[in-house]
Amino acid sequence: MRKILILGSSGLLGSKLTSGQYLKKYKIISQSLKSKTHINVDLEKFNEVKKMINLTNPKIIINLVALTNVDHCEKFPVEAYNINVNTIKNLVKAIETSSCKPYLIHVSTDQVYDGTGNCKEKDISLSNYYSFSKYVGELFACQLKSIILRTNFFGKSKSVTRGSLTDWLYSELTKGNTINVFEDIWFNPISMHNFCKIIEIVIEKQFEGIFNLGSHYGMTKASFAFHFAKALNLSNLNLKPIKVSNVSHLNAYRPKNMMMNLTKFENKFKVNLPDLIDEINLVAQEYRDDQKKF
Ligand SMILES: NC(=O)c1ccc[n+]([C@@H]2O[C@H](COP(=O)([O-])OP(=O)(O)OC[C@H]3O[C@@H](n4cnc5c(N)ncnc54)[C@H](OP(=O)(O)O)[C@@H]3O)[C@@H](O)[C@H]2O)c1
């Protein structure tokens, strides 16, 4: 069995990817900084990274390690640089000097865009420290045999420490709390389920380059919340559309339009990526299935 080292396995996406539902043909080695995974390694320490690669000898590495809290990154840029740049810098250096030379799948973000929609891979616009640090991380990742997937995702979290956008929406909707939802932020995320299925194809093909990975017919975060409530038959009366530009307590600027053009990925991999509305319905089912367990 080919070995896959999944870095950042305890996180939101990592917990889904290592849940046992995906990558069944591979031997998975999970890593995190301090959570319950096969190995704990601080990727900021080069010698530890080098030792990890040499001991595990993987054929494939999926890198999900990041500091994803946008406001925290803005407030603590050095910490953001250490986690979003120096970890990948160490990883690249360790892979280069290893004998196994694994294929690297590096996950990045749609926050590197802030356009008028339909952003192609070249249409970079860095508007906050998170996006800057993730972009610099990409520059290191592309020095190797690697693929960089710029994405955004949602779904029911399997992580004990990290909740998702839909976990928060579901919790607030069911409690009947007022929820402010942004009507001036556009995105086209993919479900974590389909992201994980696509990773299996990416591993098989081993193409290199930078690709957007999301869904078709993106929408505003407010529309997303209304569709999610409808899919779950929950009242939308407490959803309050507001403009992020009118919110003053956020540390970091939020890109208004992160909608990604998906043509490059679809043409190269010969797949049709899903429509966002279908993804919302699929994820709503994850919450319904979970209700049935109790
Ligand atoms: N969350 C989103 O909505 C979103 C959207 C678009 C793109 N992305 C990208 O998708 C990827 C995965 O995001 P996520 O939300 O799943 O991340 P996450 O939940 O924040 O998880 C981060 C992971 O990184 C590990 N980690 C942090 N610092 C480390 C260090 N110094 N050394 C080793 N491991 C370290 C954490 O381990 P511990 O648990 O032990 O701390 C955890 O496993 C990231 O590249 C992110 O930029 C995320």
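Which hand does the crossing of helix 8 and helix 10 have? Hold that one for a moment while we walk through the rest; keep in mind that this is a predicted model.

Seven strands make it up, and they run in the order 3-2-1-4-5-6-11 with parallel pairing, in an open arrangement. At the edges you'll find strand 3 (39-40) and strand 11 (209-213), each with a single partner strand, so each has one side left without a neighbour in the sheet. Further in, take a look at strand 5 and strand 6 (residues 146-151): the two pair in the parallel sense, with six bridges between them.

Helix 5 lies across strand 5, strand 6 and strand 11, and its direction makes an angle of about 165° with strand 5.

Helix 5 also has a helical neighbour, helix 4. The axes of helix 4 (residues 77-96) and helix 5 (residues 129-141) come within 8 Å, crossing at roughly 10°. Angles under 35 degrees count as roughly parallel, so that is how helix 4 and helix 5 sit relative to each other. On the helix 4 side, the contact uses Pro-77, Ala-80, Tyr-81, Asn-84, Val-85, Ile-88, Lys-89 and Val-92. Facing them from helix 5 are Tyr-129, Tyr-130, Ser-133, Lys-134, Val-136, Gly-137, Phe-140 and Ala-141. Sorted by class, this contact of helix 4 with helix 5 comes to 11 nonpolar, three polar and two charged residues.

Helix 4 has another packing partner in helix 2 (residues 46-56), with the axes 9 Å apart and an angle of about 45°. That angle makes helix 2 oblique to helix 4, and the crossing of the two is right-handed. Phe-46, Val-49, Lys-50 and Ile-53 come from helix 2, and they meet Asn-90, Leu-91, Lys-93, Ala-94 and Ile-95 of helix 4. Here the class count for helix 2 with helix 4 is six nonpolar, one polar and two charged residues.

Next, the ligand. Its shell holds 28 residues, and the closest are Gly-8, Gly-11, Ser-32, Leu-33 and Ala-66. Which elements give two or more residues to that shell? They are helix 1 (12-17), helix 4 and strand 5 (103-109), so helix 4 turns up here as well as in the packing with helix 2 and helix 5. Helix 1 gives the most, with three residues. By class, the shell around the ligand splits into 11 nonpolar, 12 polar and five charged residues.

Finally, back to the opening pair. The axes of helix 8 (residues 221-231) and helix 10 (residues 276-292) come within 9 Å and cross at roughly 45°, and helix 8 and helix 10 are therefore oblique to each other. As for the hand, the crossing of helix 8 and helix 10 is right-handed. Helix 8 brings Phe-224, His-227, Phe-228 and Ala-231 to the contact, while helix 10 supplies Ile-277, Ile-280, Asn-281 and Ala-284. In the contact of helix 8 with helix 10, six residues are nonpolar and two are polar, with no charged residues.

How values were computed:
Residues are numbered from 1 along each chain as its sequence is written. This is a predicted model: local features need pLDDT of at least 70, side-chain atom pairs count only at pLDDT 80 or more; totals for chains, interfaces and linings use all residues. Axes are lines fitted to C-alpha atoms, for helices over the stretch in contact, and angles run from 0 to 180 degrees between N-to-C directions. Helices (H or I, at least four residues) and strands (E, at least two) are DSSP runs, numbered from the N terminus. Angles under 35 degrees count as roughly parallel, over 145 as roughly antiparallel, 65 to 115 as roughly perpendicular and the rest as oblique. Two residues are in contact if their C-beta atoms, placed from the backbone, lie within 7 Å. Ala, Val, Leu, Ile, Met, Phe, Trp, Tyr, Cys and Pro count as nonpolar, Asp, Glu, Lys and Arg as charged, and the others, Gly among them, as polar. A residue is near a molecule or strand if its C-beta atom, placed from the backbone, lies within 6 Å of it. A crossing is left-handed if the near helix is turned anticlockwise from the far one by less than a right angle, and right-handed if clockwise. Two strands pair if DSSP finds at least two bridges between them.
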